[in-house]
Amino acid sequence: MLRIQEKILLHQARRGNQAAFARLCSAYREKIYQFIYFKTSHQEKAQDLTSEVFFKILDYLANGGEIKNFRSFVYQTARNLIVDFYRQKEQREISLEEIDEEIEEPKDLAQEIDLKLNLYQIEEALKKIPDRYREVLILRYVDDLSFKEIAQILNQNQTNVRQLASRGLKLLRKRLITDD
């Protein structure tokens, strides 16, 4: 989405135009879902959190909140919800019923393996590198954010974010080579 178009839609959404907000949501829904899924590895939870991201943003706008860079704001909101999700997960006990709900049987295992093998290898390698590198790599190469946007999301400067990406790529390559 072009930045000027995004700003116009954001202005309209701030004034209560639901269609404008729906267009903003649809432009980012899939990317935010992927970002959250990479962090949670659970499809249903990623869907729930993705919806919650946009409800929180709608509420923020309805209460007069200002958003200068919608893309960065969406990712920052998602990141905060993921942190909250893991905090809550650590604080509660899981029942056997919840465990059963979380186990999903794949419909066609062979097809699933063929389609996701490379993604799985990358995901596994990503899990083995420190979170500070993993997060930057996901934002940069999966979600296609600029270093400037990532710096805003992480509250760091662009130089530091570029260094994290470079070091993270080196670690990821090393993991992919050594894990084969």
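This is a predicted model: local features need pLDDT of at least 70, side-chain atom pairs count only at pLDDT 80 or more; totals for chains, interfaces and linings use all residues.
Where does Ser72 lie? You will find Ser72 in helix 4, which covers residues 70–91. Leaving aside residues up to four places away in sequence, Ser72 touches Glu149, Gln152 and Ile153.

Now step back to the whole chain. How many helices and strands does the protein chain have? The count is nine helices and zero strands, and the pattern along the sequence reads α-α-α-α-α-α-α-α-α. Of the 180 residues in the protein chain, 34% are buried. The chain exposes about 11,900 Å², and carbon and sulfur atoms supply 49% of that area. Contacts tell us about the fold too: among those between residues at least 6 apart in sequence, 61% join residues at least 24 apart.

Next, visit two loops. Asp144 sits between helix 7 (131–142) and helix 8 (147–154), while Asn155 belongs to the loop between helix 8 and helix 9 (158–178).

| Residue | Phi | Relative accessible area |
|---|---|---|
| Asp144 | near 60° | 52% |
| Asn155 | about 55° | 69% |

Asp144 has a positive phi although this residue is not a glycine, and Asn155 likewise has a positive phi without being a glycine. Are these residues buried or exposed? Asp144 is exposed because its relative accessible area is 52%, and Asn155 counts as exposed at 69%, the cut-off being over 50%.

Technical notes: Residues are numbered from 1 along each chain as its sequence is written. Side-chain values use heavy atoms; hydrogens and water are left out. Helices (H or I, at least four residues) and strands (E, at least two) are DSSP runs, numbered from the N terminus. Buried means under 20% relative accessible area, exposed over 50%, partly exposed in between (1.4 Å probe, protein chains only). Contact means heavy atoms within 4.5 Å. Accessible areas come from the Shrake-Rupley method with a 1.4 Å probe; for residues, only the protein chains shown count as cover.
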